[in-house]
Amino acid sequence: MKLSLQSFQPLGRALMLPIAVLPIAGLLLRLGQPDLLDIPFVAAAGAAIFDNLGLLFALGIGVGLAKDNNGAAGLAGLVCYLVATKGGETLLTVPPSTVTGMASDLAALADAAWRTKAIAKLSVPIGILSGLIAGGCYNRYATIRLPDYLAFFGGRRFVPILSGLAGLGLALVFGGLYGAINTGMNTLSTLVIGSGNVGLFLYGVLNRLLIVTGLHHILNNVAWFIVGDYHGTTGDLNRFFAGDPSAGAFMSGFFPVMMFGLPAACLAMYRSALPERRKAVGGMLLSMALTAFLTGVTEPIEFSFMFLAPALYALHAVLTGVAMVVMNLLGVKLGFGFSAGFLDYALNFTKATRPLLLLPVGIAYFAIYYGTFRYAILRFDLKTPGREADPVGEEIADAPGERGPAFIAALGGAGNLASIDACTTRLRLVVHDQQKVNEARLKALGAAGMIRPSAHGLQVVLGPIADAVAMEMRNAAGPLSAIRSEPAEEASTPPPTVDASPWFAALGGRDNIAEIGSASSRLWLRLNDNEQINEAALEPLGVHMIARPGNTVHLIVEEAEPIAAALQAV
């Protein structure tokens, strides 16, 4: 199987779906604490989310990986997770010392409590694997046909069944090999935490460098949800909210960079802009700086200079690693539910260790970033916002109904789009022809940067509006046509020849077809008159099912691409 960075990017995107619930979890947990509002049921509501992160990962990743984000994949992830965790519990070997000297009833309770706590320690890895299995099964088997006497269990209903069977395999692995897996996780935690400042520095540098690929989410999940153990709670982020005084090392170093350093870079870019252009770029730079300071969302700033000045971005990555080390040396332990912005800093101030030391470190980082960026921009004449040769361009359309079509047009039209997705700050697209993408137009619409991870992959950095823009684009674009597989270098079996004549006859004639597309086993058509379809004539042609969502007709067949090609060729 051919692997590439693009193969892993759907996982990075899918991970953001369950992580997106953490801000509300952190907010409820903190507001309910005795040092704030002292409302126990609010704190318990927030704690419930943190206590069930594995389940959320199973559901969220399953839905996020499904090609149409269908809820059946989330149900399959849930089934796989429950089978794996409950099945695994029964296979655990409880240490005799746990129940020694207890009455039978108490021994049974202690036995069950030990099993539950032990498997909970592995809940996040189990949840991630369950979501991966569910999403993969959905994409592969959501349209499967079973014999007529089992037809009820075919299609999407087959996916949770298959995922449940896969959950049995996970139960055998995690239950039967619990000792080895637990030892491996403890060893990983010991190595990472024991590496001290070196490990923190490398984590900070890699976290920034991997942003260009979108794979930093995977690195973050290891640090925030797996590394370390505090009374059965794993991960730096989880342990921080569970009250572990040693937690926060993998989060604290982001605060000086995101709250002070990158806003200072925005100020340097504003001061370095051409005088006649400062007014045009001032609003954009102020918006990016405030977003970074308040919420910790920094990608729009980083992409404004990432490719323009790679050496400057490398320095930014190094300074992030240094911030991790400095905050650790000072004994500062800060945490967040979303990112390292002022809102999380203020909310978790009383839970943090030595939080006021962020201020002198932050001021120093503000000065370092401002001086470095100001010097580099002027010395090397970097074309940062406001210093470009071409105009900044028009503003983003304010009306939501106008924004989606505007982005589609800049991307070469709906016919050039094969897939539209988004993560926290960027559109994740698959396009047929990269040459049709109008970069100047996208920048005029607010894009901070673009990445092309593959021949057809395209990522457009927009900031927190990315998911809303993607939704508006999907609504405006309608059905999308999939990328055709590139011909293999080796000789392969030629695609079957399809006679288009009977298809045209069954579909009301060539003139009745306005648009044709295909995706795997689905042939979709936009017809001038849906009533002209002859369903009886379609069945002998191999059509298994007909659906009519909206103003389109979807035909489920064995292989849709050869049929679409034959119809389009006439």
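How far apart do the end C-alpha atoms of residues 247–268 lie, and how much of the span is helix? They lie 34 Å apart, and the span is 86% helix and 0% strand.

## Basis of the model

This is a predicted model: local features need pLDDT of at least 70, side-chain atom pairs count only at pLDDT 80 or more, and totals for chains, interfaces and linings use all residues. Residues are numbered from 1 along each chain as its sequence is written, and side-chain values use heavy atoms, with hydrogens and water left out.

## Annotated spans

An unreviewed UniProt entry gives the annotation "transmembrane region" to several spans, including residues 118–138 and 247–268. Such annotations may be inferred rather than shown by experiment. For residues 118–138, the end C-alpha atoms are 30 Å apart. That span is 95% helix and 0% strand. Helices (H or I, at least four residues) and strands (E, at least two) are DSSP runs, numbered from the N terminus.

## Helix 10 against helix 17

Helix 10 (residues 196–209) packs with helix 17 (residues 310–329) at an angle of about 145°. Their axes are 8 Å apart. Axes are lines fitted to C-alpha atoms, for helices over the stretch in contact, and angles run from 0 to 180 degrees between N-to-C directions.

Helix 10 contributes residues including Leu200, Phe201 and Arg208 to the contact (heavy atoms within 4.5 Å). Among those from helix 17 are Tyr313, His316 and Met324. By class, the contact has 12 nonpolar, 6 polar and 1 charged residues. Here Ala, Val, Leu, Ile, Met, Phe, Trp, Tyr, Cys and Pro count as nonpolar, Asp, Glu, Lys and Arg as charged, and the others, Gly among them, as polar.

## The annotated active site

UniProt places an "active site" at Cys423, again in an unreviewed entry. Cys423 sits in the loop between strand 3 (417–422) and strand 4 (426–431). Cys423 counts as buried because its relative accessibility is 6%; buried means under 20% relative accessible area, exposed over 50%, partly exposed in between (1.4 Å probe, protein chains only).

Leaving aside neighbours within four places in sequence, Cys423 contacts Arg13, Met16, Arg428, Ala466 and Asp467.

## Two further buried residues

Ser272 belongs to helix 14 (residues 254–272). Ser272 is buried, at 3% relative accessible area. Its side chain reaches the backbone oxygen of Ala268 at 2.7 Å. Beyond four places in sequence, Ser272 contacts Arg374, Ile377, Leu378 and Arg387.

Glu299 lies in helix 16 (residues 299–302). Glu299 is buried too, with a relative accessible area of 7%. Not counting residues up to four places away in sequence, Glu299 touches Ile211, His216, Thr425, Arg426 and Val461.

Methods. A polar contact is a pair of N or O atoms within 3.5 Å; within protein, one must be able to donate a hydrogen and the other to accept it, and residues adjacent in sequence count only if both atoms are side-chain atoms.
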